[in-house]
Amino acid sequence: AHAHPFSTLPTPAASGSDSELVAPPPGSTALPLAYADEYHNHPHMVAPGDPSRRAFTYLVLGTSKFIAASAVRVLVLQFIYTMSATADVLAAGVVEVDMSAIPEGKTATIKWRGMPVFIRHRTAEEIAEARKDDNEEMRDWEADADRVIRPEYVLVLGICSHLGCVPVANAGDHNGWYCPCHGSHYDLSGRIRKGPAPLNLEVPSYRFIEDGKKVVLG
C-alpha cells in the first residue's frame, strides 16, 4: 500500500504547534487538519494580456480598421464616379463632323472616344458595287443598306475585328480597307471578305443633322 501524501507531516503532538497539519487516517479523502486554501493567493495562471502592451495592440487594431475603411471608401467613390459621368465626359463622347469637307471617293479618319472612325464618301459606282456584293457569300453577312443611313456615306470603327489593328483605307482586294497585320480585307461597306478577321468593321452610333450636312457621333 502507498503511504498517504500527508503521512509524513508532523503532528501537533510531535511539534508542539496547533498550526501544523495533522494527517488524516490512511485511505481517507478528507483534507488534513489546519489545511488552508491558498489557491487564489498565488499566481497560478498568466493574466490574459500584458497591460504594458495594450496601447500598442489598440494602435495596431485601430490602424488596421482605418486602412480597411479607407479602402472601402475609395472603392465606393470610384464606383460612383464611374456611374455618374460628368458633363465634360459626356461632351467628349460626342463628335460633330462637317461632311462637306470629305470629297467624293475619299476616306476621312477622325478620333471618337479614343478610337479611330473611318468616314467614306462613296461614289455612285462604289454604292452600286457594294449593293451588288450583297449576293456574295460572306463570313459575317450583312446587307449594305443595313450598315448605312445614307448610301453615300459609310461610317465604321477603324479597328480590325481580328486583333485590334488599324486597317488601311482605299486598299485590299475589294478597295475598301486592308489590315496589313494579318491580311484581312474589307469591302466598301466595311464587311470582312478575306483573311482571319471574324467580323465586319463595327458601325458606331451616329445621326445626320442640318439636312445631312453634318454627322454627330455618340
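**A tour from R122 to the cores**

Select R122: its side chain reaches the backbone oxygen of P151 at 2.7 Å. This is a predicted model, where local features need pLDDT of at least 70, side-chain atom pairs count only at pLDDT 80 or more, and totals for chains, interfaces and linings use all residues. Residues are numbered from 1 along each chain as its sequence is written, and side-chain values use heavy atoms, without hydrogens and water.

Stay on R122. It sits in the loop between β3 and α4 (124-132); helices (H or I, at least four residues) and strands (E, at least two) are DSSP runs, numbered from the N terminus. Is R122 buried or exposed? R122 is buried, at 1% relative accessible area. Buried means under 20%, exposed over 50%, partly exposed in between (1.4 Å probe, protein chains only). Show its contacts (heavy atoms within 4.5 Å). Next, select A101, in the loop between β1 and β2. A101 counts as exposed, at 58% relative accessibility.

Move on to I119 and L217. In the largest nonpolar core, of 15 residues, these two touch the most other members. Such a core is a set of buried Ala, Val, Leu, Ile, Met, Phe, Trp, Tyr and Cys residues joined through side-chain atoms within 4.5 Å. Strands supplying at least two residues each include β1 (95-98), β3 (115-121) and β10 (214-217). β4 gives the largest share, 3 residues.

Zoom in on L217. Its contacts beyond four places in sequence include V95, I110, W112 and L155. Last, select F118, C179, Y186 and L201: they are among the 12 residues of another core, apart from the largest one.

How values were computed
A polar contact is a pair of N or O atoms within 3.5 Å; within protein, one must be able to donate a hydrogen and the other to accept it, and residues adjacent in sequence count only if both atoms are side-chain atoms.
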